[in-house]
Structures are given as structure tokens and as C-alpha cells.
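Please find below a short note on the structure, arranged as numbered points.

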Amino acid sequence: MYSAQVRAGAATCEPTNGSAVSYENSLIRNLLRQDNVKGASFAQAMNSPQQSYHISCNCSDSDASGANGVLIMYSLVSSLPLGHATNYYKISDHLDLMTQITLPKNGDVTVPTSKAVSDGIHHWDKDGTGICQQQKTQDTFVTGSQGVLTFYLTTPFVGEIDIPRTEIARVYASSATTATSAPPLGSPVAILYISGTLTAPQSCEINQGEVISVNFGTIQASHFTKLNNAPDNYRPVTFDIKYDCSSQGLPAIPTGDKLLMLLDGADVENQYYLVARRRPSDNKADIGIVVEDASGIYVPFQQGVLPMNQNGLGKITLTAMPINLVGGELDTGEFQAMATLRVDIR
């Protein structure tokens, strides 16, 4: 916790509108096959709109009216998990990110900062660049909107990776009469985000690109009453997942890497139950679906691993059945669920 105290020489600064400006960066990129290897990296300039903002600093009266004005001390922070190396942070199972933010008179500064960085500018009413509460003018800032994002591929993959909106850095500002390495921090003045997609164009086709549909048929409600069980005398549905990650019969996978097929459900309970219906009255899941591999073992619907032939060509046979998740006779009606298959190279 940081103190918002007022003291001569250094003070906290806050955004004048009460909240930090959000800088939204996007990544939309197709990887070349030769770049889809562990250790590959690429950089891009930040591409967020440069929305400006003002700050108000809790300066002492003497500092605000001082003959030399006050400096801004910037502190850059990230709360992401550590990545593969210093200054890199994990944004997905496949990508690490190093963020560098352009600070006035300092160029691109790497997140996080070990000590505060001075902007080297004297902020005072004389130049119309005030930042203290007592000053009559307000300087305008876009700090946090510019810089460089460097991405590092930790795990090769096939297909498309979705990067949900992820916070990557926070910018804090403090005022000081002289440069200081550890000024007090208030609220962030800017927060940076990244989102987007990364696509690997290697050819890896599942079911020849078609949706795999599993039809469970018509079930008598009176036969479907036992908690966490399939309907009485129900025969599970067997289906195949055919895959082809080869090129003219030859593996298209980087040497030394391993193919994995992952199963992820859209709505999951207890990791093994894919929710197929929820009761309108209380939104409680009443019908689920379980999937078993060839050995009769349940496959989880959260990062469930399906073994593949490492030559990139073959099929996986699974069985599926509906499960009563609440016990007792269920309301009649249709049910359906959706899961996604993804091939990773690790």
C-alpha cells in the first residue's frame, strides 16, 4: 500500500477525471512457418489511439510555487506472471511479452522500472505546464500510448491463438522538486492492454475442416433419472476425430517438437462434464456430456489432452454420452453443447 501523504520534494499524482486512461493495443499477425519455432520473437510499435489526459499532483504549497517548478517521476509496473527471461511476462501459454513505454526525454523504457524515471521537465504556470493542485494551468499527457511490444514464442502451435484483453502495464506519476528513485505512488494515470490473434498457417486439418457432430438420439425422460449417470441401457455414441498435419504425406512439424490435441469445452462443470443444458428457473446445469477415450477414461474438457501420432496423420476414437447432473426426472426438451479442438506443437 502506498501513502498519499504530502511532503516537501515529492507527492502523489492522480488522473484529474478520477480514473486512468486505457490504452488498447492489438496484435493481428500471421506467423511464417519458419518463425513458428520456440525462441522466435518479433516486435511492433504500440498502436493504441493516443487519448490525452491531465493529472493533479498533491504538491506542498512551497513546491507548487517554487522558482524551478516540479518534475514528474514515472514508475512503470506489471502484474503479469514472469516469463522465460528478465523483463518478459507471460500473456498466454505460447507467448511472452516485453513492454517498453516511451517516456518524455527518456525514449523507450522497459517495464517494470526498478526506480522512478524523471521527465526532466519543469512544470509550472510560467510555461502553461502545471500539474500541482495549486497551479492554475494543466499540462496534457499521452504517456503510455507509445512504445514497443516485443513478443517471444515460448511454444509453437498450429492454428490460431486468441489473446483476450489483458492488462500489460500501469503508468504511475509522482511530482518531485528533484529526481528521486522511489517517490510515493497514488493511482495509475494510464493502464495498457493487449488483445488480438496470432495465426500459424501450418497445415493441420481436423475432420477435413468440418464440424464434428455427435447425435445422442431421443431419450425417454423416465430412463434418465440417476444422478451423474447416463440413461438406463443407453449405448454411448462412438465417433472419430481424423487429423492431418502433414504436407504431401510428410510431417510439417518442426523437428524435436511434439504434437498434442487439446479439448476445451465452452461451459464446463467439474472439468469432466460439458454442460449441455441449464434449467431456466435457476440456471443450474441439469444435463452434461462426458467423453471417454479408447481405454474408457474420462477426458477433461479443460485442456484435455488427446494423444496424436507424431507423424501428424491419424485418427482418435472417442465415445460420448449424456449425464443427469441433478438426479430425478428431467424436463423434456432438446440439449446441446459445444467444445473446441486445438492442435499444439510443444
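Is the disulfide of Cys-13 and Cys-57 right-handed or left-handed?

1. The model is a predicted one. The torsion about the S-S bond of Cys-13 and Cys-57 is about 100°, so this disulfide is right-handed. Cys-13 belongs to strand E1 (residues 10-15) and Cys-57 to strand E4 (residues 55-57), so the pair ties together parts that are 44 residues apart in sequence. The sulfur atoms of Cys-13 and Cys-57 are 2.0 Å apart.

2. Cys-13 is buried, with a relative accessible area of 0%. Cys-57 likewise counts as buried, at 0% relative accessibility.

3. A search of the whole structure finds 2 disulfides. Besides the pair already described, Cys-59 is joined to Cys-132, with an S to S distance of 2.1 Å. For Cys-59 and Cys-132 the torsion about the S-S bond is about -75°, so that disulfide is left-handed. Cys-59 lies in the loop between E4 and helix H1 (61-64), and Cys-132 in the loop between strand E9 (117-118) and strand E10 (147-153), so the pair ties together parts that are 73 residues apart in sequence. Both Cys-59 and Cys-132 are buried.

4. The largest pocket holds about 1,100 Å³ of space. Its lining comprises 43 residues, and Ile-212, Val-214, Ala-337, Met-338 and Ala-339 are the ones that lie nearest the centre. Among the elements that give two or more residues to this lining are strand E14 (237-244), strand E20 (285-292) and strand E22 (313-324). Strand E23 gives the most, with 5 residues. By class, the lining has 27 nonpolar, 10 polar and 6 charged residues.

5. In the second largest pocket there is about 250 Å³ of space. Residues lining this pocket include Ser-92, Asp-93, His-94, Gln-303 and Arg-342. Strand E11 (residues 159-176) supplies the largest share of the lining, 4 residues. The classes here are 2 nonpolar, 3 polar and 4 charged residues.

6. Strand E17 (residues 259-265) is mostly covered, with 5 of its 7 residues buried. Strands E17 and E21 (residues 304-306) run antiparallel and are joined by 3 bridges.

Methods. Residues numbered from 1 in each chain as written. Predicted model: local features only at pLDDT ≥ 70, side-chain atom pairs only at ≥ 80, totals over all residues. Heavy atoms only, no water. Buried < 20%, exposed > 50% of the residue type's maximum accessible area, 1.4 Å probe, protein only. Pairing = 2+ DSSP bridges. Disulfide = S-S within 2.5 Å. 1 Å grid on protein atoms, 1.4 Å probe; cavity = no way out; pocket = protein on both sides within 12 Å on 5 of 7 lines; lining within 4 Å. Points joined across faces, edges and corners; volume = space filled by probe spheres on them. Nonpolar A, V, L, I, M, F, W, Y, C, P; charged D, E, K, R; others polar.
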